[in-house]
Each structure stands twice: as structure tokens, then as C-alpha cells.
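The exercises below concern the model shown next. Work through each task before reading its solution.

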Amino acid sequence: MLSDVKDQNVVVVQSIHHTPDELLFEYLLLVDTVKDLGAKRVTAFIPYFAYARQDERFKPGEALSFKTVSKLIESVGTDEIYTIDMHQHRVLKSSEVFGIPSHNLSAMPSLADHVQKLGKLEKPLVIGPDAEAEQWAKLAAERLHTDYDVFQKTRLGDAKVDVRPRKSNANGRDVLIVDDIISTGGTIVEAVKILKGQGASRVQVACTHPILAPGALEKIREAGVEDVIGTDTVPSPISVVSVAPLIAEQVKKNGD
Ligand code: R5P
């Protein structure tokens with residue numbers, strides 16, 4: 001039963017992942033209801049924001065889903081929004097899309113802590129598979145007190161990417177690859193091929209959102225990766241790191 005929300009600050013946590021339309025609609029109904037019942041303020045935590053990748057009309061006439069969904073979220077009275085490692089390729093700041101205060105938290109320090117806890121890598125080289133991943137590679141490397149680099153990636157199709165190395169050489173090094181999303185696994189597999197070709201020792205992979213299309217995990221394991229870890233922004237067999245402490249810490253900071 002919904003407790004009394006009148007004049008209360010309400011925090012809503014809703015990840016919009018595998019059935020995004022259903023989960024988005026649930027969010028809209030929930031927030032509209034608590035506002036209708038007199039809630040003073042609603043702060044949303046949307047750990048995985050499914051529509052963020054459609055931030056451009058890739059083909060003429062396509063929907064700009066990111067913008068449309070953001071408008072819907074605001075329209076029910078959301079006052080502030082937090083996302084986690086949201087895909088920001090062309091839209092570089094969520095404030096370009098949202099009219100309400102918006103913040104993007106990162107799960108990379110928590111993922112790096114888990115890698116540390118596993119204790120299998122020795123001063124790993126942290127690799128981001130594309131330019132966008134530099135922010136995550138940097139965060140993970142700082143947490144692990146090590147160095148990082150990023151590869152150059154060109155997307156050739158939904159499941160096909162071209163990945164090329166830049167300056168680092170993984171010869172004889174343990175490597176941690178970090179990314180926001182693993183979907184088909186194509187990006188990670190291409191990165192692993194380069195690293196193994198350079199003579200990398202052990203390779204681990206960490207991502208925030210393990211979307212994992214069918215066969216993705218198997219492909220990555222076949223490429224020679226033993227440990228693939230992710231967070232619970234998207235439920236999956238590798239969702240071993242919880243983002244609950246990250247959210248709880250922020251709620252505490254906000255005093256909600
Ligand atoms: C895209 O730029 C993202 O950061 C990920 O690299 C991408 O979503 C991974 O997709 P996939 O696993 O299908 O290669």
C-alpha cells in the first residue's frame with residue numbers, strides 16, 4: 001500500500017531496461033500519482049536510461065527518443081533526475097536535453113573496487129574501447145592507481161565495429177577493459193583481439209549496464225576473457241556490483 005506522500009520529498013528509483021516501454025509507463029503512472037496525492041518533490045534515479053542512445057535522427061524521419069522520453073519524464077512532475085553512466089555520445093551533458101536539474105553518477109569506482117577485491121589483476125592497464133570511454137577508464141584507473149588508454153572505434157553497423165589501438169601496448173600486462181554498455185559484445189571482442197595480439201596477460205571486463213544480447217557473454221568468454229562483471233542497473237548473470245550504495249549515498253547527501 002502506498003504510504004502518505006502528502007508534503008513529502010519522494011525518491012523514485014526506476015531502471016528503464018529490457019522492457020523499456022513498460023518500465024517507462026510504470027514510472028510515469030507512479031510519479032503522476034504521488035504528485036497528484038500531494039508529494040512536495042520527486043527526485044528520480046534512473047540507473048539505466050534505455051532511450052539515451054537514440055539522441056540523433058540516424059535516418060531521416062526517425063524519432064528522437066531521448067528528447068521525447070525526457071519530456072514525458074518532466075511532464076509528470078519530476079523535479080530532479082539522476083542517471084548512472086548514461087550514454088552521452090552526441091549529447092554531452094544531460095542538461096542539453098532535460099529542462100530540470102540533471103546529474104550523471106558513475107558506477108566505475110564501485111566496479112574498480114570489485115576488480116580489486118577479486119585480486120586477479122596486477123597493476124592492470126585500463127582500456128576504454130572508444131573515445132567516449134575515456135571518462136570511465138580514467139575513473140577506474142584512478143581508483144586502481146594505474147594507467148589507462150582508449151582505443152579508436154568506428155561503428156560499421158548494429159553489430160559490427162572497427163576498433164584500433166592508439167599509443168599503449170599491453171604486452172605482458174594484465175588489462176581491465178571498461179565500458180558503459182555491453183550489448184552485442186562486438187566492441188569488447190574487437191578490443192580483446194587487439195590486446196591479445198599485443199601479448200596481454202589476463203584480461204578482465206567491467207561494464208555498468210550489462211544489456212547482453214543473446215550470445216554476447218559467450219563471445220566475450222570465447223575471446224579469452226575469464227571475468228566479465230557488471231552492475232545491477234540491468235539484471236543479468238554478471239550483475240555482481242550493486243548501485244544501491246551509490247544511490248543511497250546521494251539520497252543522504254541530498255537530505256531527502
Ligand atoms: C557505445 O558507444 C557504447 O559505449 C558501447 O561501447 C556499446 O554500446 C557496446 O555495444 P556492443 O556491445 O553492441 O558493441
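**Exercise 1.** How many salt bridges does a search of the whole structure find?

Solution. The model is predicted: local features need pLDDT of at least 70 and side-chain atom pairs count only at pLDDT 80 or more, while totals for chains, interfaces and linings use all residues. Residues are numbered from 1 along each chain as its sequence is written, and side-chain values use heavy atoms, with hydrogens and water left out. Take as a salt bridge a side-chain nitrogen of Lys or Arg within 4 Å of a carboxyl oxygen of Asp or Glu. The search of the whole structure then gives 11 salt bridges.

**Exercise 2.** Treat the pairs D130 with K153 and R202 with E226 in the manner of Exercise 2.

Solution. The salt bridge of D130 and K153 has an N to O distance of 3.2 Å. D130 sits in the loop between β5 and α4 (134–144) and K153 in strand β7 (residues 152–157), so this bridge ties together parts that are 23 residues apart in sequence. D130 is buried, with 6% relative accessibility, and K153 is partly exposed, with 25%.

For R202 and E226 the N to O distance is 3.1 Å. R202 is in the loop between α5 (186–198) and β10 (203–210), and E226 is in the loop between α6 (216–222) and β11, so the parts tied together are 24 residues apart in sequence. R202 counts as partly exposed at 31%.

**Exercise 3.** Is D85 buried or exposed, and is K123 buried or exposed?

Solution. Begin with the backbone. D85 has a phi near 40 degrees, a positive value in a residue other than glycine, and K123 has a positive phi near 30 degrees. D85 lies in the loop between β3 (80–84) and β4 (102–105); K123 lies in the loop between α3 and β5. The accessibility values then settle the task: D85 is buried, at 2%, and K123 is exposed, at 52%.

**Exercise 4.** Summarise the fold and dimensions of the chain.

Solution. First count the elements: there are seven helices and 12 strands. The radius of gyration (over C-alpha atoms) is 19 Å, close to the 18 Å from the globule rule (2.2 Å times the number of residues to the power 0.38) for 256 residues, so the chain is as compact as a globular protein of that length. Along the principal axes, the C-alpha atoms fill a box of roughly 60 × 45 × 30 Å. Of the 256 residues, 50% count as buried. Finally, take the contacts (heavy atoms within 4.5 Å): among those with a separation of 6 or more, 66% join residues 24 or more positions apart.

Key. Helices (H or I, at least four residues) and strands (E, at least two) are DSSP runs, numbered from the N terminus. Buried means under 20% relative accessible area, exposed over 50%, partly exposed in between (1.4 Å probe, protein chains only).
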